[in-house]
Amino acid sequence: MTQQQSVQQAVEQAMRYFDSGEFQQLLARRIACVTESQRQDRDQELDHYLRDEIAPQLKALGFTLHFFDNPQAANRPFLIATRIEDAALPTLLCYGHGDVVFGDDENWREGLSPWQLKEEGDRWYGRGSADNKGQHCVNLAALEQVFSARGGKLGFNCKILFEMGEEISSPGLAEICQEQQELLRADLFIASDGPRLNAVRPTLFLGSRGAVNFRLTINARDNAYHSGNWGGLLSNPGTQLANAIASLVNAQGVLQVEALKPNSLTEAVREILSDVEVGGMPGDPELAAHWGEPGLSPTERLYGWNTLEVLAYETGNLARPMNAIPGKATAVCQLRFVVGTDWQNLVQHVETHLRQHGFDNVDVEFMRGSPATRLDPLNPLVAWALESLAISSGKKPALLPNLGGSLPNEVFSDILGLPTLWVPHSYPACGQHGVNEHMLKSIAREGLQIMTRLFWQLGEEGEQLIARHRAYQGGVK
């Protein structure tokens with residue numbers, strides 16, 4: 001039997017498994033686990049998901065299980081599972097998170113519950129169906145199919161890291177990866193989270209944009225004063241802060257702080273993004289005309305540039321406005337950024353810019369941030385994965401240098417030093433983090449087909465593939 005016949009048999013076996021309804025039943029059971037990491041009364045459910053749902057599936061595949069308490073967030077545990085077939089084989093690291101955001105039960109459409117998987121046409125509704133239970137269930141099922149088709153082997157070593165606190169910004173994840181670097185040592189990282197470019201086109205992304213949240217505040221005085229008695233005599237912090245923000249980002253959404261613009265939108269990256277079109281799919285919002293950095297396509301603005309957003313703004317009492325000049329105004333802003341941005345010095349850059357524009361009275365406070373990451377698109381691992389996705393799906397996959405949103409990818413790329421490949425099994429209009437979250441059955445099926453072939457090929461070609469990657473990293477192109 002040829003390699004092509006063998007991989008095709010594995011894929012066909014995976015499709016029979018999916019079409020039998022077994023995958024749907026498994027996902028339904030896991031959706032029923034109320035794993036809201038933002039609530040303090042879900043500790044047992046979070047532990048149950050790791051120990052009673054994920055652990056048995058991995059143990060059946062011959063993984064050795066290592067459970068770790070979270071060093072930063074109690075009862076948001078970690079699981080590192082390892083399967084070493086041969087020390088000479090390449091080692092793959094995978095990742096998933098079993099926690100979800102608030103169910104928001106009362107606001108789901110009539111007939112739907114966040115904790116009960118319900119099929120309507122091509123949609124499987126349920127909290128976590130897209131983020132991230134459905135996605136890691138696809139990948140684990142693909143590993144099972146390869147394991148079965150190879151007679152109890154994968155053809156590579158495999159390690160899997162599960163966390164239960166991703167939706168609360170992954171506390172402890174970086175620390176665990178620092179402390180357990182030897183246990184997590186690998187050659188390649190492949191995981192699934194976030195959305196595809198759209199529902200139709202399989203997608204490979206190589207990292208994520210970073211994000212920094214920061215607060216702007218003007219404290220003018222301790223009290224509000226009657227606008228009739230003092231209007232025109234006292235400064236209005238609400239007015240001043242609005243103008244200060246307008247100096248940072250203009251009325252067309254264009255970032256005005258030169259020091260916070262990236263240097264990484266190269267011609268090579270623009271060439272990659274020229275093959276990608278954003279928006280225009282059912283359920284997508286209409287793109288705003290003439291918004292964002294001039295001279296860039298919408299795709300370049302989303303995946304290759306930085307944006308500054310105002311997330312919240314408060315002055316006075318909006319619920320009960322009074323005829324008074326407020327004493328304080330505050331706003332929470334966010335910079336989404338790509339690699340090549342000096343984000344660590346954001347406070348200094350914003351303060352300098354504001355002073356240059358006459359806003360000496362604005363306090364700038366760093367709240368939280370995560371770095372941007374991106375695997376070199378010319379790395380041979382990228383071409384290998386794209387070819388595999390194309391063969392599996394019969395479509396030209398989209399390549400994104402980075403996701404538009406943010407993921408904890410820096411722990412894998414920076415702390416563990418791994419090349420990172422993300423193959424998402426969701427789509428932008430999935431309702432992620434909102435009500436009526438759903439996974440498309442068609443994407444889940446295609447995702448299982450894609451991942452089964454990808455893992456099979458890693459077992460066939462892994463040693464040569466990693467050798468090419470290391471040669472490229474060493475400067476031998």
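User: In E19, which residue is the bridge partner of Tyr125?

Analyst: This is a predicted model. Strand E5 covers residues 123–125 and pairs with E19 in the antiparallel sense, over three bridges. Within E19, Tyr125 has as its bridge partner His438.

User: Which strands stand at the edges of the sheet, and why is one side of each left without a neighbour?

Analyst: Three antiparallel strands make an open sheet, ordered E4-E5-E19. Two of them have a single partner strand each, so one side of each lacks a neighbour in the sheet. These edge strands are E4 (118–120) and E19 (438–440).

User: What angle does helix H13 make with E19?

Analyst: Neighbouring strands in the sheet are turned against each other by 25° on average, direction ignored. Helix H13, residues 441–473, packs on this sheet and touches E4, E5 and E19. Its direction and that of E19 make an angle of about 60°.

User: What is the radius of gyration of the protein, and what would a compact globule have?

Analyst: The C-alpha atoms fill a box of roughly 90 × 55 × 45 Å along the principal axes. For 477 residues, a compact globule would come near 23 Å. The protein agrees with that, at 24 Å.

User: What share of the 477 residues is buried?

Analyst: The cut-off for buried is under 20% relative accessible area. The accessible surface of the protein is about 20600 Å², and carbon and sulfur atoms hold 48% of that surface. Of the 477 residues, the buried share is 55%.

User: How many helices and strands does the protein have?

Analyst: Among contacts with a separation of 6 or more, 81% join residues 24 or more positions apart. The secondary structure comes to 13 helices and 19 strands.

Technical notes: Residues are numbered from 1 along each chain as its sequence is written. This is a predicted model: local features need pLDDT of at least 70, side-chain atom pairs count only at pLDDT 80 or more; totals for chains, interfaces and linings use all residues. Side-chain values use heavy atoms; hydrogens and water are left out. Two strands pair if DSSP finds at least two bridges between them. Helices (H or I, at least four residues) and strands (E, at least two) are DSSP runs, numbered from the N terminus. Axes are lines fitted to C-alpha atoms, for helices over the stretch in contact, and angles run from 0 to 180 degrees between N-to-C directions. Contact means heavy atoms within 4.5 Å. The radius of gyration is taken over C-alpha atoms; the globule rule is 2.2 Å times the number of residues to the power 0.38. Buried means under 20% relative accessible area, exposed over 50%, partly exposed in between (1.4 Å probe, protein chains only). Accessible areas come from the Shrake-Rupley method with a 1.4 Å probe; for residues, only the protein chains shown count as cover.
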